[in-house]
Structure formats: structure tokens, C-alpha cells
Amino acid sequence: MTGKVEEPVTKDNGTAELTQAPAGASAFELTQAPAGASADPVFVLCAGRSGSTLLRFVLDAHPDLACPPETNVPALCGQLATVWSLIEGAPLSANRGDEPPEIPDAAIAGVRETMDRMTGSYLARRGKKRYCDKSLGTARFAYLMQRIWPQTRFICLFRHPMDVIASGMEACPWGLTGYGFDPYIAETPGNAVFALARFWADNAATILAAEEQYAGRCHRVRYEDVVADPQVVADELFEFLGVPKVPGIAEACFAAERERFGPADYKIWHTSRITGDSVGRGWTIPAGLIGPQVRVAINELCARLGYVPVDDDWGAADRPADLRVCAGTTSGDGAQEVAERPPAPAGAAPVPAGSGAAVPEPGFAALVGARLAEGLARLTERFGRQWEPFATESFEVVATPSAGPGPNARWRVDLAARTVTVLNGSLAGPAGDADQGSDGDGEHSEGGWDIIGSADTWEQLIGGRVNMSVALRRHQLRYCEDGEDGPVAADTRIAMLADLLGLTSWGQARQKARQLARAEAGT
């Protein structure tokens with residue numbers, strides 16, 4: 001086309017019409033943002049299952065901000081930049097689909113014009129002033145976004161890795177798919193925990209890199225902060241964006257005007273208030289399924305983000321009341337200060353089986369303690385013969401709270417002395433602190449093994465509603481040992497514990513059937 005280039009001009013009614021401009025003028029020089037378009041949109045840098053939909057609701061609740069469901073606008077910009085670069089004759093990336101090594105100014109101008117038209121129409125329809133975008137994986141497009149919109153702002157959203165893993169498992173109970181999980185589970189199809197751990201580590205590292213590169217344009221938000229005090233987080237966020245604060249944001253974000261259509265957290269539509277109920281759900285995730293190198297990388301990222309580490313105490317110590325440590329607090333040399341867990345209180349005195357003495361265990365786990373005492377009271381010589389050489393060992397049984405923070409219930413079972421001792425505080429044996437095998441009173445457990453499960457799991461197990469082997473396979477119960485006694489010893493000890501708890505196995509059932517047959521034959 002020769003002669004004139006069409007230029008958009010805003011009419012009095014807020015719509016745009018095309019007029020003519022001199023030939024040779026660039027589209028970027030001529031383009032004016034459509035009515036309502038913002039010169040500096042906001043992008044949330046986030047990964048799946050990190051609370052991004054809740055943050056979107058908070059942003060969208062502001063009268064000046066519009067944040068639609070996931071649009072994948074950043075990825076679309078990347079595709080447009082690639083096509084535009086190809087048309088402009090610029091060199092393309094050696095890897096198909098990657099951004100070109102150099103994106104011409106004309107391509108940047110064209111992408112901005114396209115996006116401003118689209119977002120401008122959306123803002124005008126909703127009567128808002130500034131566009132916000134919450135799309136998964138935006139961090140890898142941060143450079144392109146700031147080239148297209150030089151005054152853009154980034155909100156960097158994080159969540160504790162183990163809670164992200166738990167949320168991912170909950171969202172995909174029949175196999176990890178969507179949310180960006182697919183390439184990770186494809187590499188380790190037999191270990192979803194490891195796949196999600198690598199997913200979190202890669203995304204957190206990418207977001208942190210963008211945060212460091214564009215420090216003046218980034219504002220960090222942690223999911224745990226949002227649910228702990230949404231008003232404070234929103235006030236700080238709106239101040240960063242240069243918009244007025246909105247009182248009562250926690251209630252306003254669940255108004256009916258929030259858009260439902262489009263990708264989002266499936267649980268949000270049946271939620272009416274902000275709570276911290278989901279914080280700490282990853283405490284039951286077995287950290288041992290995460291490879292050592294990845295766990296090191298995760299803990300380095302956790303230290304930078306102000307999260308408690310995923311160490312050998314994870315899931316065995318008392319569940320912490322807060323997954324956050326001294327965020328933002330640094331020592332004189334710039335290293336972050338990490339709060340240590342308080343030491344466990346001393347253990348209680350032994351309670352002989354059948355003594356009738358009061359057992360001061362937490363109420364949620366009284367059933368477990370009572371069943372252990374009953375089992376020890378009925379031990380016979382047969383038990384010792386059947387379970388040699390393990391029938392004289394000592395071991396710990398641990399019941400963790402099923403929900404929320406709080407101390408574990410712990411018992412030391414001494415088969416030789418036929419006593420069960422109620423212990424307080426965190427597990428300090430094979431799955432606990434560095435004092436391997438300590439039972440909390442300075443003595444070493446002879447057997448050096450423990451079994452850990454939530455109070456709900458123990459209740460279902462004792463009530464016959466779940467099979468012990470199934471609970472172990474699902475990691476609802478975890479067997480931990482001090483040494484390397486091997487799978488035969490582990491299986492024998494677990495069977496011995498089942499016998500002590502009065503849980504029927506097929507072997508015990510056959511034995512009872514033979515006893516019943518002999519009794520009937522003698523009558």
C-alpha cells in the first residue's frame with residue numbers, strides 16, 4: 001500500500017476510528033492507546049498451585065484494576081514477536097518456538113499496538129483504568145514484557161514448596177497434568193513428589209531471577225502473607241502500584257463481579273472468605289521422595305524466600321505454626337537469619353502396661369496410646385517366639401495432628417519391659433534430629449526405628465477402615481530406622497506392630513481359624 005497509513009483516533013464517545021497519516025510514519029509513532037488502555041500493565045509472575053487466583057481476585061477487587069482469568073497474554077506476545085521478527089527479516093532462534101535473539105523495534109511496536117487494542121477494549125468494557133495479567137509461566141517472558149511496556153510492574157508470587165506439592169497432588173489425584181506439570185512428570189513418571197519439587201524449584205528460581213533483574217519494578221508477595229493478613233498485603237501492593245488503598249479488600253474480592261470463565265483455581269468458586277486452612281498441608285508429604293540435589297536447591301531458595309527448610313525433620317517434628325521464618329531479616333554479613341525450631345520438652349515417666357496410670361497424651365491420639373497399652377498387657381510367650389529377634393526392641397510410635405500446627409503425640413514402646421512411655425514434643429529418633437536414636441530422655445532406643453502417621457490415619461487403621469500396607473504404600477504411615485537393617489527387618493517389625501495393635505493379618509486369621517477348628521473338634 002502506498003500513499004497514506006491509517007491512524008487510530010479516539011472519538012468523543014470513547015471508540016476508535018481510523019484516519020489517514022502521512023506515508024512512511026511507523027505504526028508505533030502513530031498508534032495511540034485505545035480508550036481506557038494503560039501504558040503500564042501489571043504482570044503477576046507465578047507458577048501453578050501458588051495461590052495466584054486468590055491474588056487475582058484481590059487485584060480485580062480494586063476499582064482501578066482489572067485482572068481477568070488466565071489469558072496467556074505473555075506467551076501470545078512471544079508468539080507475535082517471533083512472527084513479526086520473521087516478517088521483518090530478523091534472525092530467528094535456533095530452537096523452534098523460542099524468542100528470536102534480537103527482536104526489531106518494529107516488532108515490539110506492532111505487538112504493543114495489538115495488545116493495547118485488546119486490553120483497551122477490555123478495560124473500557126469493565127470501566128477500569130489499568131490492566132493486570134495473571135498467567136502461569138510469565139516469568140520467562142519478563143524481558144519481553146518490559147520491552148513492550150517499559151513502565152510495566154511485576155508482582156512476584158511465591159508459596160512454600162511442600163504446600164505447592166500437596167496442592168498439585170490434590171488437584172491431579174489421578175495423575176499430574178496441566179498447570180505446567182507435564183514435562184516434569186514425564187521425566188519421573190513414578191514419583192509425582194519429585195516431579196512437583198523440580199517444578200517448584202525451576203519456577204521459583206526463574207521468578208527470583210526476574211525479581212533481581214528488575215528489582216525496582218518488582219514487588220514480592222507470599223501466599224502465606226496473603227492469607228495471614230490480606231489487608232496489609234493489599235495495602236502494600238496497591239501502594240507499589242500507585243493506586244489508592246481499598247478498605248475491606250478481603251470481603252470485596254469475593255464479590256459476584258469476579259469473572260468465572262477461563263482457567264482458574266477450581267476451589268475458588270466455592271470459597272467465600274480468605275483463610276489459612278491450606279497452609280501447612282504439605283507437612284505430610286514425604287520429603288524423602290525428593291532427590292538430594294533438588295532438595296539442596298529447594299532449601300537454598302527457601303532461605304532466600306524466608307521459608308522453613310525441607311530438612312530431615314520434615315513431617316516428623318511438631319508441625320510448625322508458621323512456614324515463614326525471619327523474612328527480610330539479615331545478619332551483618334548479609335546472610336539471612338533463619339529461626340530455629342524450639343527444643344522438645346523432656347519425656348514423661350514410663351507407664352507400665354495395665355497399670356491404670358494416667359497417660360497425658362493429646363486428646364486426638366488417645367486411641368493409639370490406649371491400644372498400645374492394651375497390646376502390651378496381653379503379650380504372651382508366643383509373641384516373643386513369633387517375632388524373634390525383634391520382640392525385645394524399643395521403638396517409637398508417632399501421631400501427628402491431622403490438621404493445623406501443634407505437637408505430635410509420641411510413645412516409646414519397650415517390648416522387653418512391657419511399658420509404653422508417653423513422650424512430649426518432636427520426634428528425636430531416626431526420623432528426627434541429629435541425635436539419632438534418642439528418645440528424648442537421653443537413652444538410645446535399642447531397635448532404632450519409628451513409625452509415623454497422622455492421627456486420622458491411626459484412627460482409620462485401628463478402626464479397620466484402612467489396610468496397614470495401603471497406608472504405608474500411600475505414605476500415610478512412614479517407617480523410619482536408624483541403621484540399614486533391610487526390607488525383611490522392616491516388614492517383620494511392621495507385622496509385629498500390627499500384632500501388638502490387634503490388627504488382623506492373613507497369617508493371624510489362619511491361625512485363629514485353626515485354633516477355632518481344634519476347639520470345635522475337642523467339644
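In which strand does Thr-421 lie? Thr-421 lies in strand E11, which spans residues 419-423. Helices (H or I, at least four residues) and strands (E, at least two) are DSSP runs, numbered from the N terminus.

The model is predicted: local features need pLDDT of at least 70, side-chain atom pairs count only at pLDDT 80 or more, and totals for chains, interfaces and linings use all residues. Residues are numbered from 1 along each chain as its sequence is written, and side-chain values use heavy atoms, with hydrogens and water left out.

**The chain as a whole**

The chain contains 18 helices and 13 strands. Of its 523 residues, 48% are buried; buried means under 20% relative accessible area, exposed over 50%, and partly exposed in between, with a 1.4 Å probe and protein chains only. A contact means heavy atoms within 4.5 Å. Among contacts between residues at least 6 apart in sequence, 68% join residues at least 24 apart.

Thr-421 is buried, since its relative accessible area is 8%. The C-alpha atoms of Thr-421 and Gly-369 are 9.2 Å apart in space, while the two residues are 52 apart in sequence.

Strands of a sheet pair through backbone hydrogen bonds, either parallel or antiparallel. Here, 5 strands form an open sheet with parallel pairing, in the order E4-E5-E3-E6-E7. Its edge strands, E4 (65-66) and E7 (218-222), each pair on one side only. Two strands pair if DSSP finds at least two bridges between them; E4 and E5 (residues 130-134) have 2 bridges, in the parallel sense. Leu-65 has Arg-130 in E5 as its bridge partner.

Helix H10 (residues 230-241) packs on this sheet and touches E3 (42-45), E4, E5, E6 (153-158) and E7. The direction of H10 makes about 170 degrees with that of E7. Axes are lines fitted to C-alpha atoms, for helices over the stretch in contact, and angles run from 0 to 180 degrees between N-to-C directions.

**Two packed helices**

Two packed helices are described by the angle between their axes and the distance between the axes. For H3 and H4 (residues 105-126), the angle is about 140 degrees and the axes are 9 Å apart. H3 and H4 are therefore oblique to each other: angles under 35 degrees count as roughly parallel, over 145 as roughly antiparallel, 65 to 115 as roughly perpendicular and the rest as oblique.

Residues of H3 that meet H4 include Leu-76, Leu-80 and Trp-84, and those on the H4 side include Val-111, Met-115 and Met-118. The contact residues divide into 11 nonpolar, 3 polar and 1 charged. Ala, Val, Leu, Ile, Met, Phe, Trp, Tyr, Cys and Pro count as nonpolar, Asp, Glu, Lys and Arg as charged, and the others, Gly among them, as polar.

**Backbone features in loops**

Most residues other than glycine have a negative phi, and most peptide bonds are trans.

Which sense does the peptide bond from Glu-388 to Pro-389 have, cis or trans? That bond is cis, with omega near 0 degrees. Pro-389 is placed in the loop between helix H14 (381-386) and strand E9 (394-400).
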